Amino acid sequence: MTTHVKRPPLTDFSLISALFRRVDRVVLASLVLFGLIAIADAPQVPESLFFILDSLLWIAPFLALSVATAAAAKATGADAVIARVFTGRPYRMIVVAA
């Protein structure tokens, strides 16, 4: 049997507040900084936007490969073995990671 909890109606402020709580802080900080660049130096915006997109296109294959590798490790259970290797003595962990 489920019980329904009565919630107060959402106001515009609470909707915006809920949205900001769900947004990653790094993404939010990046957007704020980009907005400050737009305010301080509007002609710089297209160049900055192009730089960001170009950098993202160059790094995207590496991000996709790392996500696929992590997913494969998780699916095969290898993540537990990897975690065990990186526990213990810090010097050994540094050598193994290198």
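Colleague: In this predicted model, at what angle do helix 2 and helix 3 pack, and how far apart are their axes?

Modeller: Two packed helices are described by the angle between their axes together with the distance between those axes. Here helix 2, residues 25–40, packs with helix 3 at an angle of about 150°, and the two axes are 8 Å apart. Angles over 145 degrees count as roughly antiparallel, and helix 2 and helix 3 are therefore roughly antiparallel to each other.

Colleague: Which residues make the contact between helix 2 and helix 3?

Modeller: Helix 2 contributes Phe34, Ile37 and Ala38, while helix 3 contributes Gln44, Val45, Ser48, Leu49 and Ile52. Sorted by class, this contact of helix 2 with helix 3 has 6 nonpolar and 2 polar residues, and no charged residues.

Colleague: How should I read the crossing of helix 3 and helix 4, and at what angle does it occur?

Modeller: The description again rests on an angle and a distance between axes. The axes of helix 3 (residues 44–76) and helix 4 (residues 78–85) come within 5 Å and cross at roughly 100°, so these two helices are roughly perpendicular to each other. Ala73, Lys74 and Thr76 of helix 3 meet Ala78, Asp79 and Ile82 of helix 4, a contact with 3 nonpolar, 1 polar and 2 charged residues.

Colleague: Which residues form the nonpolar patch on the surface?

Modeller: The patch is formed by Val81, Ile82, Val85, Phe86 and Val96, which together have about 370 Å² of accessible area. Its largest share, 3 residues, comes from helix 4, the helix in which Ile82 lies.

Definitions and conventions. Residues are numbered from 1 along each chain as its sequence is written. This is a predicted model: local features need pLDDT of at least 70, side-chain atom pairs count only at pLDDT 80 or more; totals for chains, interfaces and linings use all residues. Side-chain values use heavy atoms; hydrogens and water are left out. Axes are lines fitted to C-alpha atoms, for helices over the stretch in contact, and angles run from 0 to 180 degrees between N-to-C directions. Helices (H or I, at least four residues) and strands (E, at least two) are DSSP runs, numbered from the N terminus. Angles under 35 degrees count as roughly parallel, over 145 as roughly antiparallel, 65 to 115 as roughly perpendicular and the rest as oblique. Contact means heavy atoms within 4.5 Å. Ala, Val, Leu, Ile, Met, Phe, Trp, Tyr, Cys and Pro count as nonpolar, Asp, Glu, Lys and Arg as charged, and the others, Gly among them, as polar. Patches are made of residues with over 30% relative accessible area and no salt bridge: like charges are joined within 9 Å, nonpolar side chains (Val, Leu, Ile, Met, Phe, Trp, Tyr) within 5 Å. Accessible areas come from the Shrake-Rupley method with a 1.4 Å probe; for residues, only the protein chains shown count as cover. A salt bridge is a side-chain nitrogen of Lys or Arg within 4 Å of a carboxyl oxygen of Asp or Glu.
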